[in-house]
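Keep the structure open beside the text as you read.

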Amino acid sequence: MNTGVAAVQVHGVVPGLRAHFLHGRSAKLRAMDLDRFDRQLLNLVQQDCGQTADRLAEHVALSPSAIQRRLRRLRESGVIERESAIVDPRAVGRPTLFIVSLQVERERPDLMAQLRKWLAAQEHVQQAFYVTGEADFVLVVTAPDAETYDALMGRLVSENPNVARFTTNVAMSVVKRGLTIPVPLEE
């Protein structure tokens with residue numbers, strides 16, 4: 001497991017979030033009934049989606065063909081949205097991770113759509129969430145240095161007059177990343 005500022009997606013936002021983020025769709029997927037084996041597989045493929053069915057069978061008490069069938073079902077049902085590589089930001093010159101809370105003046109649909117589109121187009125914005133609470137958006141931004149980040153935020157404010165304010169936290173290290181799926185002991 002990586003320590004320090006670990007891997008984040010270098011292009012785009014969280015899988016599936018781009019369409020939701022751009023179009024404002026609500027998440028209408030209902031939770032699929034997952035058994036112990038499905039949950040184990042989901043945790044394993046999140047660690048490394050390149051593992052073969054034979055390798056996965058070493059950790060899950062199923063045959064490789066049963067694992068392949070389950071993974072196909074999980075993909076077809078949308079539980080596994082897509083599989084992608086996780087790139088270490090340090091290796092591509094973006095070692096600094098910023099967590100940004102962003103507040104807007106007004107939540108007019110046209111202004112919100114403009115801001116969403118702008119955020120989705122920025123290569124340094126890795127993830128963007130429309131949230132409840134004091135902030136309206138929470139962003140995950142990678143950059144080579146504070147100067148690059150400062151220039152991005154300057155453009156954000158100047159090109160989006162609806163942005164009221166933002167606050168920034170610099171990530172010192174990544175403690176945990178991923179969606180852990182609880183696995184029941186027995187069914």
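At 41% relative accessibility, Y130 counts as partly exposed; that label covers everything between buried, under 20% relative accessible area, and exposed, over 50% (1.4 Å probe, protein chains only). The charged end of R116 sits over the ring of Y130, 4.7 Å from the ring centre. To count, NZ of Lys or CZ of Arg must be within 6 Å of the ring centre and within 35 degrees of the ring normal. R36 does something of this kind too, lying over the face of F37 at 4.5 Å from the ring centre.

A word on what you're looking at: this is a predicted model, where local features need pLDDT of at least 70 and side-chain atom pairs count only at pLDDT 80 or more, while totals for chains, interfaces and linings use all residues. Residues are numbered from 1 along each chain as its sequence is written, and side-chain values use heavy atoms, with hydrogens and water left out.

Now for the rings. A pair of aromatic rings is described by the distance of the centres and the angle of the planes. Rings of Phe, Tyr and Trp (its six-membered ring) pair if their centres lie within 6.5 Å; planes under 30 degrees apart are stacked, over 60 edge-to-face, and the rest tilted. That rule gives 2 aromatic pairs here:

| Pair | Centre to centre | Angle between planes | Kind |
|---|---|---|---|
| F98 and Y149 | 4.1 Å | 10 degrees | stacked |
| Y130 and F137 | 5.2 Å | 45 degrees | tilted |

F98 belongs to strand β1 (residues 96-104) and Y149 to helix α6 (residues 146-159), so this pair links distant parts of the chain, 51 residues apart. Both F98 and Y149 are buried. F137 is buried as well, at 0% relative accessibility.

Helices and strands here are DSSP runs (H or I, at least four residues, for helices; E, at least two, for strands), numbered from the N terminus. How many are there in the protein chain? There are 6 helices and 4 strands, running α-α-α-α-β-α-β-β-α-β from the N terminus on. Of the chain's 187 residues, 36% count as buried.

Take helix α4 (residues 64-76). With 13 residues, α4 reaches 18 Å from its first C-alpha to its last, close to the 18 Å expected at 1.5 Å a residue (the expected span is 1.5 Å times one less than the number of residues). Its buried residues include A66, I67, R70, L71 and L74. They cover an arc of only 130 degrees around the axis, which puts them on the same side of α4; the arc is taken from the directions from the helix axis to the C-beta atoms. Among what covers these buried residues are α2 (36-47) and α3 (53-57). Just after α4, G78 takes a positive phi of about 90 degrees.

Which loop holds D136? D136 is in the loop between β2 and β3 (137-143), and is buried with a relative accessible area of 10%. Its contacts (heavy atoms within 4.5 Å) include L102, E107 and Y130, not counting residues up to four places away in sequence. The side chain of D136 also reaches the backbone nitrogen of V104 at 2.8 Å.

Key
A polar contact is a pair of N or O atoms within 3.5 Å; within protein, one must be able to donate a hydrogen and the other to accept it, and residues adjacent in sequence count only if both atoms are side-chain atoms.
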